[in-house]
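Please read them with the sequence and the model at hand.

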Amino acid sequence: MALTFDQLKQLADQADLRYFIEPQGKALLLGARGIHGSYQIMLVLEMDGKFLQFRTINNPYCPLGHPHLLEVLKTIGAINYRLRLIKLGWDPNDGEIVAYADFWVVDGTVGPGQFEHMTQNFFSALDDSFGRLKQALETGKDPGEEDQAAMLKRALGRLGGSLPPALRELLEKLQGEGSPGDAGDESPDLKEI
């Protein structure tokens, strides 16, 4: 059954994505902005619609002579080990670092809910990963996974004035709730497993 290019455009329309059609008509080009940066993404259908790939373009570069190359590659490996859908790749020819997600459609199809889920997962994992990777590139140290409460606090500080009041209120409420294991939370007394 596979997926046609017209069906891919329809899925993108249903997910309220704004896109451009690549000049040769073989890919959708998207832009996205996250907490850690702005991204350009291509959605490409290959093999007569049996293979769909989300892929970033115009990414950070870490060429062979870069002083932090080893730490960047270790960070890419650590991120790839943790994530399921999105993977990062490094091109040794020019040092480009890409994020991609591959989907074998084969004899099935992609439904609107599935497509929206894939898109949301790709964008959020991309932004989290590239924030961490950017720090490794600049400092030579992998900062590790970012604490969700700290990320929320930073996002509120950066975007707070431009958020609708109801959304800002919800985010502030989430920020005030803390997380399990905070001081004051009692852990259950486990004696057996």
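**Notes on the structure**

1. Being 3 residues apart in helix H2, Glu71 and Lys74 are separated by about one helical turn. Their side chains meet in a salt bridge (3.4 Å, N to O), a term that stands for a side-chain nitrogen of Lys or Arg within 4 Å of a carboxyl oxygen of Asp or Glu. Lys74 counts as partly exposed, at 48% relative accessibility. On that scale, buried means under 20% relative accessible area, exposed over 50% and partly exposed in between, with a 1.4 Å probe and protein chains only.

2. On the source: this is a predicted model, in which local features need pLDDT of at least 70 and side-chain atom pairs count only at pLDDT 80 or more, while totals for chains, interfaces and linings use all residues. Residues are numbered from 1 along each chain as its sequence is written, and side-chain values use heavy atoms, with hydrogens and water left out.

3. The protein has 5 helices and 6 strands, taken as DSSP runs numbered from the N terminus (helices are H or I with at least four residues, strands are E with at least two). Their order from the N terminus is α-β-β-β-β-α-β-β-α-α-α. Of the 193 residues, 34% count as buried.

4. The structure holds 4 salt bridges. One of them joins the side chains of Lys9 and Asp6 (3.3 Å, N to O); both residues lie in helix H1, 3 residues apart. Lys9 counts as partly exposed at 21% relative accessibility, whereas Asp6 counts as exposed at 55%.

5. Another salt bridge is formed by the side chains of Arg82 and Glu145 (3.2 Å, N to O). Arg82 lies in helix H2 and Glu145 in the loop between H3 and helix H4 (148-159), so this pair ties together parts that are 63 residues apart in sequence. Arg82 is partly exposed, with a relative accessible area of 37%, and Glu145 is exposed, with 53%.

6. Which residues touch the most other members of the largest nonpolar core? They are Leu52 and Phe115, in a core of 39 residues. Such a core is a set of buried Ala, Val, Leu, Ile, Met, Phe, Trp, Tyr and Cys residues joined through side-chain atoms within 4.5 Å. Helix H3 gives the most to this core, with 9 residues.

7. Leaving aside neighbours within four places in sequence, Phe115 is in contact (heavy atoms within 4.5 Å) with residues including Leu8, Leu11, Leu43, Phe54 and Val110. Both Phe54 and Phe115 are buried.

8. There are 6 aromatic pairs in the whole structure. The rings of Phe54 and Phe115 have their centres 5.9 Å apart and their planes at 55°, so this pair is tilted. Rings of Phe, Tyr and Trp (its six-membered ring) pair if their centres lie within 6.5 Å; planes under 30 degrees apart count as stacked, over 60 as edge-to-face and the rest as tilted. Phe54 lies in strand E4 and Phe115 in helix H3, so the pair ties together parts that are 61 residues apart in sequence. Phe54 and Phe115 also belong to one aromatic cluster with Phe103, Phe122 and Phe123.

9. Met47 lies in the loop between E3 and E4 and is partly exposed, with a relative accessible area of 48%.
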